[in-house]
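Subject: Structure handover

Hi,

Here is the structure we talked about. My notes follow below it.

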Amino acid sequence: MPTTVPLTIELQTQSATEVVDITARVEALVAGATGGSCHLYLRHTTAGLMIMTWEAGVPEDIMDILQTLTPTRDYRHDKPAHVAAHFLSALVGPSVHVPVRDGKLALGEFQRIVLMEFEGPRRREIEARLLAEA
């Protein structure tokens, strides 16, 4: 029978926009699980989670491309930067789901799990649920 183990990852971002590799922190949570899956959910609406390659320059290029998707205009909700952060968070999404095999994340060779900060610096919480095989 599978069991669910809830865990939390807390981190402090350092910049207004930033890409933070959280893969090692997630791997530490799943260490020892023979199989199953890990679901990560970010409890914030001005940041997002995604899986990307960590090759030189790629995280910065992706952040730059995302920033170009928010036009400068008058917004109804709040300041333009705040609305842009909400939009990018909704576009990227608050969660990722990764298989676990032999106590490790079953990511591709170059894949990393990252937090995309769109309105920092802020303290962020990610709820992790390990659905492990008993």
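Start at the hairpin of β5 and β6: two residues lie between the strands, and D102 there takes a positive phi near 55 degrees. Strands here are DSSP E runs of at least two residues, helices are H or I runs of at least four, and both are numbered from the N terminus.

This is a predicted model: local features need pLDDT of at least 70, side-chain atom pairs count only at pLDDT 80 or more, and totals for chains, interfaces and linings use all residues. Residues are numbered from 1 along each chain as its sequence is written, and side-chain values use heavy atoms, with hydrogens and water left out.

Pairing next (two strands pair if DSSP finds at least two bridges between them). β5 (residues 95–101) and β6 (residues 104–105) are antiparallel over two bridges. R101 stands opposite K104. β5 also pairs with β3 (residues 35–42), antiparallel over seven bridges. There, G36 stands opposite V100.

β5 has two faces. V96, V98 and V100 are covered; S95, H97, P99 and R101 are uncovered. In a regular strand the side chains alternate between the two faces of the sheet.

L105 touches V98, P99 and V100, as well as I113 and V26, among others (contact means heavy atoms within 4.5 Å).

Last, S89 in helix α3 (residues 80–92). S89 is buried at 6% relative accessible area (buried is under 20%, exposed over 50%, partly exposed in between; 1.4 Å probe, protein chains only). Beyond its neighbours within four places in sequence, S89 contacts H44, T45, T46, A47 and F118.

Best wishes
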